[in-house]
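These notebook entries record what I looked up in one structure. I set them down in the order in which I worked.

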Amino acid sequence: ASRVSRELLLKTSPVWRWSLEDLCPYLVSVFSGWARSPGCCVTSRNYPTLPAAARFLHLAPRRVPISGGFAAGTFFALADYTFRFCYMESLRGVRLGVLIVLLQVLYSGFAESSPCSPGFDSDLFVFTVHREHLHRGRRLGRVIFHDCGGRTRSVFESTDKRFQVDTDGTVKLKRQVTLHEGHRMFSVHAWDAKGEKHTTFVRVEHEPKTHRHDHLEDTEAVGPPQSASPSLVPVKEFPKSSGGLRRRKREWVIPPIRTPENDRGPFPKHIVQIKSSYAKEAKMVYSISGEGADLDPKGLFTINRNNGSLYVTRPLDREAKDKYVLQAHAIAADGEDREEPMEIIVEVIDMNDNTPVFTQDPFLGTVPEASTIGFEFMTVTATDADDPNTDNADIRYSILSQNPQVPNAAMFTINPVTGVIRVNAAGLDREKYPEYTLKIAAGDMQGDGRVGTGTAVITVIDSNDNAPQFEKTSYNVSVPENKVAAVVVKMPVTDGDEPQTPGWTAKFRIINGNSGGFFAVNTGPNKQEGIITTVKALDFEQNSKFTLLVVAENDIPFAKPLTTSTATVTVNVLDVNEAPVFDPEEKFISKLEDVAVGSELTVYTATDPDTARTQKVTYRVGSDPAGWVTVDGETGLVKVRSPMDRESPFVKDGVYKALILAMDDDPTPATGTGTLVIELKDVNDIAPSIEERAISVCNKESAPVLLSVIDNDGPGFAAPYRVELQGDSKNNWTATMNETKTGIVLRLKLPLERGEYNVVMRVYDNLALYQDNTIRASVCDCTGDDVQCTEKAVAGFGLPGILGILGAILALLVLLLLLLLFARRKRSEKKEPLLADDDIRDNVYYYDEEGGGEDDQDFDLSVLHRGLDNRPDVFRNDVAPTFMPAPQYRPRPANPEEIGTFIDDNLKAADNDPTAPPYDSLLVFDYEGGGSDAGSLSSLNSSSSGDQDYDCLGQWGPRFKKLADMYGGGEDDLL
């Protein structure tokens, strides 16, 4: 409106003192709240100066009672006229005043007759923006909701989760949104005081930026615009709360005051004037409070107490704080508080005063050398402290330089918006150019503003673009036959890729010549060597030469098509002497266990696989634990050597195994083995026996005793059993079989005296093979089955018996004492020594040796063998036999109760052990030998003359003095 209209409006009564920019939104709110009609839409085309909050009011019809005799058509016509009137620059002040009076009368009638109706002010709120890309945190506008419950804030819910609606109705962006189609529509829900749900629609439209006379780029849906003309400072009046405008306080929207940051002054700078509607009636005193006034940062804003002019005292910094919320107060000079505090929001307009800064410097990235053009491998990012909703923080990226500039000066390119770096040219080669350094730039204002620089270091990582190469392409080796896991050859390779990486580690495959699966190739410990080994025994007689084709590869596939390296390996099989082979390796035969000694069991032969050699095969027994078999060395005929017994401990589950050896006559003989498995069929050769050997019974009303019968024969030769008492046992005992015919029930027939009795029973098996069994029965003085056997009591002798026993013991002790005294007396008598005291013996000679006589003082045992050594005609072979099988001895049992069985089994094994001494060989005991150094005893003969001269015995010294006294002395000597 023109200045004349503004002044005219302000000159009216205090009740109607509003500024024009305050009045128009109020009128729009009033009319839109009471009645709605289709087609009532205010557009920016019709009213270009109308605030955005008054545009796009798509009003749905709503029936509202209208008093005062006005029809609805008249009301809407008046509303339309009011809109046109408020925004026409050429309005006259007189027409404005008259229109205001008419509207006040109409509204008063409506307010009195229309109750509060909860809901949104409009079914559609439209917010216009000047950019397609909207940043997070962007404030779009505000939706108005009345719950008719007195609450100033409500809870809103947006169906589009990218948009957030605060409790005061402010719509903000939760994350970045791009208006690809030029608009975005969604619905918003709210609930009134009664819990009913209300819905409105919000439409965000992109409108290209046009030249305007203010700094407001995006305008909210509600609120008047703020002029930024340097010649006119905005005036803010306190809202009037009157009875006729009940909803005014909730609907009044005071737009924020916007001032640029980094203003150069001069300061203090006037930014707005606060004015009270009561300033014409009384002197008003103005003050402010809040952040920037009486709160930190204090003193940033000041106000003229008299005229309400608001000043900023120093430059603002949007990056430090982008908005200040102040409370303006107007108090009459007499102290009367006539105005409610008014909220003033000062928004700091962003200026491009910050340079983009990279989030890290340098950026480190890697790119495989085999990457294709367009491959994206790293992202650089920069931040700008300026307002993200302006071009001041709209960053574009670029590459300033590349080092080295080979093989292409533009090996990489960067996405100017996202900062993603990708490969731009072919030719990456880690082996030649392992690293690139890029100098990158980030410029705001879409690249036309302030520029920050950084560095990106790109490391070219290895790709598998080099195939491993064999150092030699052919090998000729020899391997003995029959060896498994033998190393055939080692084949080293080289690889140009980075060491110790999957693209460098080699692996190998045999692609030809290994049809039988005789060979395997593995990678050596150094990862650059292939090792071929045998996995099956090679046979010279079947194949004497193999030709293998081996290929070398890597653990990972090649990054591009490459030619692989191959090597040819010729393997010559060396012939070795092989052991004869039995066919089959285990031969099964079945025989009765009582087969006669010397009977032929089977012929078990082996063949020599060395067909290129002429060799003879001989046989012998390798292992025969029981010593039951023998084999013919030439023919391989196996015969029975000793009686076989199926019940022997060497037989397991009725099967006996013997090991047969086959040897060739090579200078280095080879021995093959075969197992002869003999299944011994059972015969009834063991009579049943009674397991219990001693029992105890009472002689009065004795209980029967159950005896167990055992038979080591197999099924068919054991139970059912039967029993017969033998001899006198029939008179005193009864023996019957139990129900199963496997046990004997023994009963005492007549009461017997206390004592030990032998009960003889003959037990038969089902084939009438029997054996007499003797049971030691102890008959005790007791009754029933409570068997208690005790010795006779000594107390029955009485006192005379005891005294007699003691007297006998005393007599024995006296007799023993007399015998000891007599023996001591005899020892005390002095006897004449056999030799005189001067009989000094120089040595003691022993004549009980059968060796070489007195000269044999060194005990040379070889003298004992001289006899046989001088008798070559006597054959002597007292040595352990060779190549004789040793039987299997049973190990010592853990259960002590089995020690008896253990001793019996091992005694039988020792009896059949040909390797245990004494050996079954010729021993000579009746030959005294020949050529002994001692003279023959036959020269000592007696004479019959009787006239022997024994006087010479006295000349032989004291050693022969006794003989001289006996034979050579006279009567005196004899006395």
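**Entry 1. A pair of strands and its sheet**

I began with strands S15 and S18 (residues 323-332), which pair in the antiparallel sense over 7 bridges. Strands here are DSSP runs of E with at least two residues, helices are runs of H or I with at least four, and both are numbered from the N terminus. Two strands count as paired if DSSP finds at least two bridges between them. Within this pair I noted that Ser287 stands opposite His329 of S18.

I then traced the sheet around the pair. It is an open sheet of 4 strands in the order S13-S19-S18-S15, with mixed pairing. S13 (257-260) and S15 (284-290) stand at the edges with a single partner strand each, so one side of each has no neighbour in the sheet. From one strand to the next the twist averages 30°; the axes behind such angles are lines fitted to C-alpha atoms, for helices over the stretch in contact, and the angles run from 0 to 180 degrees between N-to-C directions. As background, I recalled that strands of a sheet pair through backbone hydrogen bonds, either parallel or antiparallel.

**Entry 2. Basis of the values**

The model is predicted: local features need pLDDT of at least 70, side-chain atom pairs count only at pLDDT 80 or more, and totals for chains, interfaces and linings use all residues. Residues are numbered from 1 along each chain as its sequence is written, and side-chain values use heavy atoms, with hydrogens and water left out.

**Entry 3. The chain as a whole**

I found 11 helices and 53 strands in the protein chain. Of its 975 residues, 37% count as buried; buried means under 20% relative accessible area, exposed over 50%, and partly exposed in between (1.4 Å probe, protein chains only). Among contacts between residues at least 6 apart in sequence, 65% join residues at least 24 apart, where contact means heavy atoms within 4.5 Å.

Another runs from Asp361 to Pro362, with omega near 5°; Pro362 lies in the loop between strand S20 (357-358) and strand S21 (363-368).

The loop between S13 and S14 also holds Asn262. Its phi is near 55°, a positive value in a residue other than glycine. Asn262 is partly exposed, at 37% relative accessible area.

Glu701 is not a glycine either, and has a positive phi of about 50°. I located Glu701 in the loop between strand S47 (694-700) and strand S48 (705-710), where it counts as exposed at 69% relative accessibility.

**Entry 4. Asn577 and Ser565**

Is Asn577 buried or exposed? Asn577 is buried, with a relative accessible area of 18%, and it lies in the loop between strand S36 (565-574) and strand S37 (581-582). Its side chain makes a polar contact of 3.1 Å with the side chain of Asp664. A polar contact is a pair of N or O atoms within 3.5 Å; within protein, one must be able to donate a hydrogen and the other to accept it, and residues adjacent in sequence count only if both atoms are side-chain atoms. The Asn577 side chain also reaches the backbone oxygen of Thr668 at 2.9 Å. Beyond its neighbours within four places in sequence, the contacts of Asn577 include Asp610, Arg613 and Pro669.

Ser565 is found in S36 and is buried, at 9% relative accessible area. A polar atom of its side chain lies 3.1 Å from the backbone nitrogen of Phe470.

**Entry 5. The largest nonpolar core**

Which residues have the most contacts inside the largest nonpolar core? They are Leu601, Trp628, Tyr656 and Ile678, in a core of 26 residues. Such a core is a set of buried Ala, Val, Leu, Ile, Met, Phe, Trp, Tyr and Cys residues joined through side-chain atoms within 4.5 Å. Strand S44 (655-663) is among the elements that give two or more residues to this core, and S44 gives the most, with 4 residues. Leaving out residues up to four places away in sequence, Leu601 touches residues including Ile589, Val638, Met644 and Ile678.
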